[in-house]
Amino acid sequence: MRVITQQSLGGPEVLTIVDAPEPQPLPTEVLVRVKAIGLNPLEALLRAGAFPPMLGRPPFILGWDISGVVEEGSLTYRFRPGDEVFGMPLFPRAASAYAEVVAAPALHLVRKPASLSHVEAAALPVVGLTAWQGLVDLGGVTEGDRVLVHGGGGGVGHVAIQIAKALGAHVIATAGGNKRKFVEGFGADEVIDYTAVDFAEAVRDIDVVLDTIGGDTVERSLEVLRPGGHLVTAVAEGDSELVAKYEAAGMRFSGIAVDPDPVALRGLVELVEQGRLRVHVQETFPFEGVADAHRLLDGGHLQGKLVLTV
């Protein structure tokens, strides 16, 4: 099989395609013939060495988001050969998903609904699980809550808007002016153009803020929360000073450490099948085009997700 690996840290050019032996599934794993691979900004940071070395030093194989077809595995009560599945196996440990074949714990996968293509399914797990765990598990969003989603046009953000709406929330999203229609198309009740308006002056009485931006956005979000409100962040979870500041103000502060949770994955599938959730893929690339895809990741400001097809 072919895999995408790297021998050193650096730019997209360090990603190379090589032949490798197929992995051997353990007793609780299945072997998946990959059809599509979702790409995430974290992988570009890991490739460049700009993030704590979750995968150790090179050589390593990036990637977690996969959609494909089960080829073999001993857990026939869960999946059978030929089943179409998707998921985010093993995160934050290496899943080595930039590959034509992946061995993954069966528990970390779910059946792909017929309404999702492999490309769409591969785009969903990391962003969908991050949004679900932030809003449902940590945020406890319920009907009537006011939810502010920072980065509404991004991968996590556009999915979070839809999950919050499905929970019955009034959703406000920040996004650049050129993404207003895009964000409104996913159900945001209000859109704040952060390039023209200070969100901290534009909104108040927010129950839950979901942050995907970091920086001073997290600190200034304290100003918009109602008493006892909750900030949930996907990027600033390790900032002890911010935690203390929020707690001193009587607010809650939570960081998302996304897990490959099959219950949440099935929740996402249910929303997809109800027509209440869709994932936007900005662009697809062939397996051989991974360096070009990573150049787009490096540039940021994406709408939705990028996906490799295998």
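## Loops, helix packing and cores

Pro92 sits in the loop that runs between β5 (84–87) and β6 (101–105), where strands (E, at least two residues) and helices (H or I, at least four residues) are DSSP runs numbered from the N terminus. The model is predicted, so to speak of local features a pLDDT of at least 70 is needed, side-chain atom pairs count only at pLDDT 80 or more, and totals for chains, interfaces and linings use all residues. Residues are numbered from 1 along each chain as its sequence is written, and side-chain values use heavy atoms, with hydrogens and water left out.

The peptide bond from Phe91 to Pro92 is cis, and its omega is near 10 degrees. Leu90, which is not a glycine, has a positive phi of about 70 degrees and belongs to the loop between β5 and β6. Its relative accessibility of 15% makes Leu90 buried (under 20% relative accessible area; exposed is over 50% and partly exposed in between, with a 1.4 Å probe and protein chains only). Ser96, another residue in the loop between β5 and β6, also has a positive phi although it is not a glycine, here about 50 degrees. At 25% relative accessibility, Ser96 is partly exposed. A further cis peptide bond links Pro58 to Pro59, with omega about 5 degrees, and Pro59 is placed in the loop between α1 and β4 (65–73). As background, most residues other than glycine have a negative phi, and most peptide bonds are trans.

Helix packing comes next. Two packed helices are described by the angle between their axes and the distance between the axes. Axes are lines fitted to C-alpha atoms, for helices over the stretch in contact, and the angles between N-to-C directions run from 0 to 180 degrees. Helix α1 (residues 41–48) packs with helix α10 (residues 290–299) at an angle of about 100 degrees, and their axes are 9 Å apart. The two helices, α1 and α10, are therefore roughly perpendicular (65 to 115 degrees; under 35 counts as roughly parallel, over 145 as roughly antiparallel and the rest as oblique). On the α1 side, Pro41, Glu43, Ala44 and Arg47 meet His294, Leu297 and Asp298 of α10; contact means heavy atoms within 4.5 Å. By class, this contact of α1 with α10 has 3 nonpolar, 1 polar and 3 charged residues, where Ala, Val, Leu, Ile, Met, Phe, Trp, Tyr, Cys and Pro count as nonpolar, Asp, Glu, Lys and Arg as charged, and the others, Gly among them, as polar.

Leu297, a residue of helix α10, is buried with a relative accessible area of 8%. Not counting residues up to four places away in sequence, Leu297 touches Leu39, Asn40, Pro41, Ala44, Leu302 and Leu306. Leu297 and Leu39 lie 258 residues apart in sequence, yet their C-alpha atoms are 8.2 Å apart in space.

Helix α3 (residues 125–138) and helix α9 (residues 262–273) also pack at an angle of about 100 degrees, with 10 Å between their axes. The pair α3 and α9 is therefore roughly perpendicular too. Gly128, Leu129 and Trp132 of α3 make this contact with Ala264, Leu265, Gly267, Leu268 and Leu271 of α9. By class, the contact of α3 with α9 holds 6 nonpolar, 2 polar and no charged residues.

The cores can be followed from Leu124. A nonpolar core is a set of buried Ala, Val, Leu, Ile, Met, Phe, Trp, Tyr and Cys residues joined through side-chain atoms within 4.5 Å. The largest nonpolar core has 87 residues, of which Leu124 and Leu135 touch the most other members. Leaving aside neighbours within four places in sequence, Leu124 is in contact with Phe86, Leu116, Leu129, Val159, Leu268, Val272, Leu277 and Val279. Another core, of 18 residues, lies apart from the largest one and includes Ala200, Val218, Leu225 and Met251.

Finally, the structure holds 3 aromatic pairs. Rings of Phe, Tyr and Trp (its six-membered ring) pair if their centres lie within 6.5 Å, with planes under 30 degrees apart counted as stacked, over 60 as edge-to-face and the rest as tilted. One of these pairs, Phe182 and Phe186, has ring centres 4.9 Å apart and planes at 70 degrees, so the pair is edge-to-face. Phe182 is buried at a relative accessible area of 14%, and Phe186 counts as buried at 7%. The rings of Tyr246 and Phe253 are also edge-to-face, with centres 5.3 Å apart and planes at 70 degrees. Tyr246 is buried at 0% relative accessibility, and Phe253 is buried with a relative accessible area of 12%.
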